[in-house]
Protein chains: 2
Amino acid sequence: MIRIGIDLGGTHIKIGAVNEDGRLVKWLQAETGAGRPFPVIIGDIAAGIRQLLGELGLTESDIASIGAGVPGYADDRTGRAINCTNLGWLDEPFRNEMQCYFDCPVHVENDANAAALAENSVGVSKGCGISVLITLGTGLGSGIVLHGKPLTGFHGAAGEVGHMTLVPDGLLCNCGRAGCVERYCSATALVTHARQACLTWPDNGILRLAGGDPKAITGKMVIDAAKAGDEIAMRIFMTFAHYLAVTIDNVINFIDPEMVVLGGGISRAGTFLLDAVKSYIPPCEMGQKRPMPRIELAALGNEAGMIGAAML
Amino acid sequence: MIRIGIDLGGTHIKIGAVNEDGRLVKWLQAETGAGRPFPVIIGDIAAGIRQLLGELGLTESDIASIGAGVPGYADDRTGRAINCTNLGWLDEPFRNEMQCYFDCPVHVENDANAAALAENSVGVSKGCGISVLITLGTGLGSGIVLHGKPLTGFHGAAGEVGHMTLVPDGLLCNCGRAGCVERYCSATALVTHARQACLTWPDNGILRLAGGDPKAITGKMVIDAAKAGDEIAMRIFMTFAHYLAVTIDNVINFIDPEMVVLGGGISRAGTFLLDAVKSYIPPCEMGQKRPMPRIELAALGNEAGMIGAAML
């Protein structure tokens, strides 16, 4: 038997077959075509699952379950995708629609929760009683796993660390509020900060990596320039690391996890990121050592979304 | 059968008998005498329980269980009080010591977690799947209840909302770090802010309530003066309410509770506090309504600690 895990993004849909050991045995990818009607997208996903089964020489009866991680709020109790802005989905009956094609259990969950579950099941935080995954990409996503299950909150909206307030009355956020974590701790934040710095100090390593075009700057360029010792890049990176440390520290104070896992594109900076972040988290409070979780890099990379969705 | 609930504070120990409906039938109070040896304090508590039994005409065999809420970290799995700064307790075997006197199950938990459990069991958040209690007193305490059980964290240190960072690089905190929630959202914060304001604007209603002595100012005076329409007091109170709203909002974004409950001395300000706080929490995000929990005042007052401890 295999489990199907779907990682549903605003641009791509990844569909994977996961075996009983939680290993991804085969996967394929298709365009999401966001904005098309909900049943059409589900029809495409069903076709993708059939194609994957064919490539594996399996049939529908080999599927133990289907799970999907969606970019937004979801409620696995009702099987509905509550609100996925990037897909234009508002309270869509994901489970019901999928069960028009496949007669097996269908689960749906927030994508960061799914990725957190994967790391907690077969990744770096395997077996942790409480773990929190923070994914650092275009934005900042987060999932909480408590005793082997995603902690989804009362409305399916838990883990919105990216929209916690980090700086009261700070930078305006896409969400319409101010000072959200995501404005300070994401690839977008690195890029925005670097472009602004280039106005005053154009002679820096980031802009050289970008071929002199500020619009071409990426988060990776900021990190690469910082690693190479460029002073402007280093200051931007350390500001980012400082804010990320405050955010992680807030997560620790609230839920006291066994491990905090850093994933997403920015986490490819590896120990360079990890060491910087740890240097800003004080191990003492009230003059005494306080209990600290381990802080580690994610192990499953881009596969986490599919593996976690399959495990729902 | 009754359950014994102990609310162990730095100044007073409250010992209560709670019946099967979660109602406090009788209680008594003794001085803590913090700083005395751990076994001596436990001996006093045992004597207090015997006195309470006598007053109720009951015997030891009528006790179903004993629970204690302690001001610090505790681990109910091992029955140990890990770190209670105000009592000078470091990794004390609470359960073992208590079972030298009573042959029944003994539980130990953080005091804010116990109070949160009481509200979730028989108080305002009764039956909520996820609720968070925030107690506004000298400091800011917090307890999380998930499906009827305290969420204590991996090291028994969850719910430290008072030491989450609210203002990066902000006011220095007692804990040695900067910008903690407690520096902005507590009776202490109201008093500190009011005393400072009196240096510039001594002609204000708070100072009049304090008989002209800034050292005599209390949190209640600030609130009473604000209620009476004093402009300085109102500004201080609304700043407090704004910071508290940001804190509540961060809790909502992280764990998506069904209800946030406000308790502690400051919560006696009632709807005056509740309306101010709610006015600062935006119901929209990304241009869309987001799921919002109810925000309510605690119902059990000072009894919550004992009732919750009895229910552990």
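Q: How do you know that the copies meet through the same surface?
A: This is a predicted model, in which local features need pLDDT of at least 70, side-chain atom pairs count only at pLDDT 80 or more, and totals for chains, interfaces and linings use all residues. Residues are numbered from 1 along each chain as its sequence is written, while chains are lettered from A and ligands numbered from 1 in the order in which they are written. Now the surface: 100% of the interface residues of chain B are also interface residues in chain A, so the copies meet through the same surface. Contact here is a matter of C-beta atoms, placed from the backbone, lying within 7 Å.

Q: What makes up the contact on the chain B side?
A: Chain B puts in 40 residues, and chain A puts in 40 residues. On the chain B side, α7 (231-255) and β13 (284-285) are the elements giving two or more residues, and α7(B) gives the most, with six. Helices (H or I, at least four residues) and strands (E, at least two) are DSSP runs, numbered from the N terminus.

Q: Why is chain A called as compact as a globular protein of its length?
A: The radius of gyration is taken over C-alpha atoms, and the globule rule is 2.2 Å times the number of residues to the power 0.38. For 312 residues the rule gives 20 Å, and chain A has 20 Å, so chain A is as compact as a globular protein of that length.

Q: What makes a residue of chain A count as buried, and how many do?
A: Buried means 20 or more other C-beta atoms within 10 Å of its own (exposed is 12 or fewer, partly exposed in between), with C-beta atoms placed from the backbone. Of the 312 residues of chain A, 53% count as buried.

Q: Which domains does chain A have, and where do the bounds come from?
A: An automatic or database domain assignment sets the bounds: domain 1 is 2-124 + 303-310, and domain 2 is 130-298. In chain A, 16 residues of domain 1 are in contact with 20 residues of domain 2.

Notes. Contact = placed C-beta atoms within 7 Å.
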